[in-house]
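User: Hey, can you walk me through this one? I'd like to start with how the contacts are counted.

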Amino acid sequence: MSEVEKKPIDFMGIRKSAAVFSIILVVASFISIAVNGLNQGLDFTGGASVELQYDKPPELDEIRSTLSEAGYENFVVQNFGNETSVLVRLSEAFDDELAGRVTDALRASGDELDLVSSAFVGSQVGEELKEDSGLGLLLALAVVLIYVGMRFQFKFGIASVVPLAHDVIIILGIFSLFQWTFDLSVLAALLAVIGYSLNDTIVVADRIRENFRKMRVGDSEHIINESIHQTISRTLNTSGTTLAVLLALYFFGGEAINNFAIALIIGVVVGTYSSIYVSASLLIVLGVTREDMLVPPKEGLAGQEEEEEQPPEWLNRM
Amino acid sequence: MLNKYPLWKSLVILIAVVIGFIYALPNLYPDDFAVQITGARSSTAVDERTLERAVSSIEEAGFEVKAASINERNGLIRLQSAEAQLKSRPLVQSVLGDEYLVALNMAPSTPDWLRSVGAGPMKLGLDLRGGVHFLLEVDMESALEQRLEAYSSQIKRELREERIRYRGGDVADNNSIVLTFRDEAARAEAFNQVRDQYNEFVLDQRSPGEEEFELVLTLSEQEIRQIEDYAVEQNLTTIRNRVNELGVAEPMVQRQGRERIIVELPGVQDTAQAKRILGATANLEFRLEARQDAPSGATEVLPFRNEPNRTARLEREVIATGNNVANAQQAFDENGQPQVNITMDGPGGDMMNRATRNAIQRRMAVIFIEFRTETEELMVDGEPTVVENRIEEQSIISLATIQSALGASFRITGLDSINEASELALLLRAGSLAAPMYFVEERTIGPSLGQQNIDAGFMSVSLGFILVLVYMLIYYRGFGLVANVALTINLMLLLACMSILSATLTLPGIAGIVLTVGMAVDANVLIFERIKEELKAGMPPQSAISAGYSRAFVSIVDANITTLLVAVILFAMGSGPVKGFAITLCIGILTSMFCALLVSRGLINLTYGGRKVDNLSIGGKLSNV
C-alpha cells in the first residue's frame, strides 16, 4: 500500500492496449452473437417446459427416446441443477394435459418421478416481451446519457454510456458463446449491471470533475490518472463485497437464479474494468479539458473563482 | 460542536429504526401451513361442530393439528408441515362434503400485538409458495362482433317496428353494419331514426350503384375503446367470481395492459380443473327455430350437442343470452333427469316475454357456445410455425315447443349429466365472459420447489451478508463495525418497507436483496476512503470525518440516482420476475442512502463526536501520518 500512496499507478499508461483488448472483446462478442445466437429461454421464444424430479439419476437418452416414441417432436432434455432433476422443453403448444402426459409417458418406462413445475408461454407473449426488453435497455441507456449529460457534461455522458453498452455486449457475447440460457432473470441482471457499472463510472467521473477544478497542474491524462488512483481502493472494495455476495448467490441460490448470478458476476468484473479503462480512456480521447468542467460564470461574477460543489446546506446541519 | 447531532436528530433516526424493527419483525414468524374451510354458499357458515369434524378427521390420519379457529364465517386449521397440509385437504373435503370448500392456505402467525399496529409479513410470490399462474388474453375481435350483432338485431327490430323497409343489416368487416334501402326517402328516415337513438355509430350514406341506397353504420373509435374496456372489466369480475367458487385462498386477479388478465392461484396444483373453470367461455343463447319461408341469410343450421348428426335450422337473431341470467341452480326434473332452473334479470325477462308471446307453438332452441384453441403446425415460408386457431363451437342443447309466453323463470333440460348441469349452473351464476379468452401463458410451481427456493434464497442472503460483514470489519476495523450496524439496519428497513407496502417477495426479489447487501456498503466505503484521504492529507480526525461525509455526499447521490433511474425503468418496463427484482432494488437504494448518510453518521458521531480524538479506527496505517 505504502508505495502506491507515494506514486500513483500509471493506469492510463496501458490505455492503448486496454482499448485494443476492449475492442477485440466487443467484436468477438458480436461475432459470437451473430454466429451462435442467444440461447433464448422460454420467456422469449414461447413454448412449454416441464421440470421433473427423479428418485435416481435417469439416462437422458432414454428419456429422449421415450418421448420420441410417445410422438413428441422438437424437444430438449437436459439436467437442471443436479443429476436427478430433468428439464424437458417442447416447442409444442401447451394444453391442459401436456405436463401430465409427459409425466405419464416417462413414468410408463418404469422410473419414479414427480412433476416439479411446468410452464407454457404463448409465442405472441414471448415476441412482445423481447420487443419490450430491447426497448427497456435502450431507454435505460438514453436516460443515463441525458442525466449524466445534464449533471456533468455531455462528454461525460458519452463516457458513461459507452462502457455500459460495452458491458452489456460482452455479457451477451459470453452468454451466446457458452449457450447459457438467456431468460427474463438474465435480462434483469443486465439492467442491474447497467446500474452497477454506472455507479462505478459516476464515482470515478465525480472525482475527475473535482480534480479538474482543484488541481492546477498537469494535463488531462495526469489528472484522470490521479483520480482513478484516488478512487481505486473504493472501486475494488465495493466490487469485492458485491462479488462476495454474488458468489454466495451463485453457489447457494439454486438453479433458478444461477444464470442471473453469472450475468451479474461477469457484469461486476467487466463493469469495474470498463469504468476505468473504457470510461476514463474515452474522456481522454474525447479531449476533456479543464474548461469543460468550469461552472459557467454567472453574470457580474466573471473572473471569480469557481467553487467546489458543496453538499446541500441541510446535510451540514445534520 | 463538530460531529455532534442535536438530540432531536438522533431521536428521529432512532424512531425510524424502531418503527423499521417493528414492521420487519413479523417476517421472523413463519407462516403456518393451513387448510381453510368456507361455506360453498354464502348462507353456509362454518360452525364449531363442522370444525371439530374436520380436525378429528385430520388427527385420525395421524397428523398433528397446531390450532383450529373460526374467523367470521371461515374455519382455519393450522398444521405442522406442507405434507400434512396437502394430504389433509382431500380428507377434510370428503368428510365435510360438497357444502364446504376446502382450500390450501398459508396463515400468518404474527402475534396479536404486532397485528394490532398493522404489521404483517411480506407476501410470498408463487415461486416461493407454489401454485399456478395464468395469463389470459381477451379476444377483442369477438367482443366487438358480439356487440355489433346485438346492435344489428336491435336496429333491425326498430326499423321493422317503424315500418321502414330495408335489406341486409349484417355485420360487415371493419366494425360496421350495412343496411340497404330501396329509395332515398326510406334511407333518410332510417338515418334519422338511427342518428337519434345511437350515438355510438358514425353514419355514412352512399350509393354504390343506381337505385341502391346504403347506410353504413361504423362504430366510433371511442365506442370501440369502451367496448374493449368493458369486455376486460366484465371478464375480470367474472373471473374473480369463478375463482371464489373454486375456493382458492388469496388469489390474485389483475388486469395487465389493454387486453390481458393475470390470474395467480397459490396452493392450487390441479391446473386442469382451474383452467376448465376459468377459461370456460360457455355461454347460452336463446333463439327461435326458423320458419320454413325464412330467407337463408337470416338463418343458420346448427347441430345438436348430444346427437351431432341431427341438425336444426335456427334464426340468427338472438332473443337473450346467458348474460341476462340472474340466477341458475342445478335441479332434477320429474323423471330424475338433470336440469338447470334459470331466473332471468329484468331486461332478460322482458326480452324473453316479448319474443315468445308471438311465437307460441314455435320451437325455441337453447344454444351452448364454447370457445376452444386448437394448434396446428403449418409451413410458412419454409419454416414450421405453430398456428393457433380459435374455434367457436355452437350446439343446441334443447329445442322445445313454446307452450305459453315465457317469463323471467324457466328451466333448461336435455343436459348430459349432473356434472354438466351443475357446471353450467355455476358458469351462469358466476357470470359469463363478455368475450372469450385464451390462455397465453401458464406456469405451475410445485410446493417442494417453492420451499427449496425459500431455503436457497435465505441461505444466499445470510451467507452474502456475513461475507460482507467480515470483509468490512477486517478492512475498516471500528468504522467497519459502524458500517456493519448500518448495513444490518438497512436490511431491516428494507424488509420493513416491503412489508408495509405489502410487496410480494419473489425469488428475483431475494436476488435483489442480495445485490443490495453487496452494493449498500458502497456509500460507506466511499465515505471511509474519503476520510482516510483527508487524514492522509493531514487533517485532524474530527474535521476529516466531517469532510469525508460531506465530500462523498455528491458522489453518493449521483451514483444512487442514476442507479435508481435504471431500477425505475426496470420496474416500468418489466413484467413478473423483473418487477419483483426492480422493486427490491429501488427500495434498497433508498434505504441504503438513508443508512449511509444518516445512520452511520449518527453512530460515528456517537462514538467520536464532541470530544478530542487522536486516532480513528479506520484500518490501514494512516493515523500517524
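Analyst: Two residues are in contact if their C-beta atoms, placed from the backbone, lie within 7 Å. This is a predicted model, where local features need pLDDT of at least 70 and side-chain atom pairs count only at pLDDT 80 or more, while totals for chains, interfaces and linings use all residues. Residues are numbered from 1 along each chain as its sequence is written, and chains are lettered from A and ligands numbered from 1 in the order in which they are written.

User: What's the radius of gyration of chain B?

Analyst: It's 34 Å, whereas a compact globule of 625 residues would be near 25 Å. That's taken over C-alpha atoms, and the globule rule is 2.2 Å times the number of residues to the power 0.38. The C-alpha trace of chain B spans about 110 × 70 × 55 Å along its principal axes.

User: And how many helices and strands in chain B?

Analyst: 15 helices and 23 strands. Those are DSSP runs numbered from the N terminus, with at least four residues (H or I) for helices and at least two (E) for strands.

User: Switching to the interface: how many residues of chain A are in contact with chain B?

Analyst: 67 residues of chain A, in contact with 67 of chain B. Elements giving two or more residues to the chain A side include strand E5 (113-121) and helix H8 (184-214) of chain A.

User: Which strand of chain B pairs with E5(A)?

Analyst: Strand E22 (residues 437-445) of chain B, in the antiparallel sense over 5 bridges. Pairing here needs at least two DSSP bridges between the strands. In that pairing, Ala119(A) stands opposite Arg443(B).

User: Last topic, cores. Which residues touch the most other members in the largest nonpolar core?

Analyst: Ala188(A), Leu190(A), Val193(A) and Leu264(A), in a core of 134 residues. Helix H12 (residues 447-500) of chain B gives the largest share, 19 residues. A nonpolar core is a set of buried Ala, Val, Leu, Ile, Met, Phe, Trp, Tyr and Cys residues joined through C-beta atoms within 7 Å. Buried means 20 or more other C-beta atoms within 10 Å of the residue's own, with C-beta atoms placed from the backbone.

User: What is Val193(A) in contact with?

Analyst: Leaving aside neighbours within four places in sequence, Val193(A) is in contact with residues including Asp167(A), Ile171(A), Leu264(A) and Gly271(A).

How values were computed
Buried ≥ 20, exposed ≤ 12 C-beta atoms within 10 Å, placed from the backbone.
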